[in-house]
Amino acid sequence: MARKDLPKYTVPSLTPEDGAKVAAILQTRLDALNDLALTLKHIHWNVVGPHFIAVHEMIDPQVDAVRLMVDAIAERIATLGVAPVGTPGALVKNRTWDDYEIGRAGAIEHLGALDQVYVGVITDHRQAAEDTEELDTVTNDLLVGHLHELELFHWFVRAHLESSGGALSTGSAHTETGAARAAGGAARKASAAE
Ligand SMILES: [Fe+2]
């Protein structure tokens, strides 16, 4: 960040350089969680099939919690003396991931894809927590607090994909569409065997 872009003030005991560095890390998390909140609502609206109501209703408390995280992150950026950017155009311009690709689909397909969404968000959030551990313990604490909830929500999703032996039906899939296909195929096979 160029000198002229440094915050005029930041939290006590941090240098303006470190304040700017922490704010830049937080801005990526602001974009990621804004995107997650929108994606969760998209799933809430597009889920169909026999497990509709369970998944439709499971998602809304996650949206509410993620929106609170977004607000806390944006306000921490402002507290650090930097202007948070919350506009959709900036989010799309700066993000490093693709839009969620699945439209109307069954609950298990969406949950398979959502498993991958959470893997991405949590991996990057953990990295951000690690990157702020030395720089700013307060920001680190904020991010670790989010991880408690995000990882719990991830388990809620995974519990739908888990066999009694503890394996996930998404198998080795690493993309949202691949995970959706694997989870949907496994669910169809299981119901045909009943
Ligand atoms: Fe709704």
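A residue is classed as buried if 20 or more other C-beta atoms lie within 10 Å of its own, as exposed if 12 or fewer do, and as partly exposed in between, with C-beta atoms placed from the backbone. By this criterion, 38% of the 194 residues of the chain count as buried. The structure is a predicted model, in which local features need pLDDT of at least 70 and side-chain atom pairs count only at pLDDT 80 or more, whereas totals for chains, interfaces and linings use all residues. Residues are numbered from 1 along each chain as its sequence is written.

The chain contains 6 helices and 2 strands, where helices (H or I, at least four residues) and strands (E, at least two) are DSSP runs numbered from the N terminus. Their order from the N terminus is α-β-α-α-β-α-α-α. Along the principal axes, the C-alpha atoms occupy a box of roughly 65 × 35 × 25 Å. Two residues are in contact if their C-beta atoms, placed from the backbone, lie within 7 Å. Of the contacts with a separation of 6 or more, 71% are between residues 24 or more positions apart.

Two packed helices are described by the angle between their axes and the distance between the axes. For H1 (residues 16-46) and H2 (residues 52-79), the angle is about 160° and the axes are 9 Å apart; axes are lines fitted to C-alpha atoms, for helices over the stretch in contact, and angles run from 0 to 180 degrees between N-to-C directions. H1 and H2 are therefore roughly antiparallel, a class that comprises angles over 145 degrees. The contact of H1 with H2 has 16 nonpolar, 5 polar and 5 charged residues; Ala, Val, Leu, Ile, Met, Phe, Trp, Tyr, Cys and Pro count as nonpolar, Asp, Glu, Lys and Arg as charged, and the others, Gly among them, as polar.

A nonpolar core is a set of buried Ala, Val, Leu, Ile, Met, Phe, Trp, Tyr and Cys residues joined through C-beta atoms within 7 Å. The largest has 47 residues, and those with the most contacts inside it are Leu 33, Ile 73, Ile 77, Leu 111 and Ala 183. At least two residues each come from H1, H2, H4 (107-132), H5 (137-159) and H6 (176-193), and H1 gives the most, with 11 residues. Beyond four places in sequence, Leu 111 touches Val 55, Val 157, His 160, Leu 161 and Ala 183.

Gln 116 lies in H4 and is buried, with 20 other C-beta atoms within 10 Å. Beyond four places in sequence, Gln 116 touches Thr 175, Glu 176 and Ala 179.

Technical notes. Angles under 35 degrees count as roughly parallel, over 145 as roughly antiparallel, 65 to 115 as roughly perpendicular and the rest as oblique.
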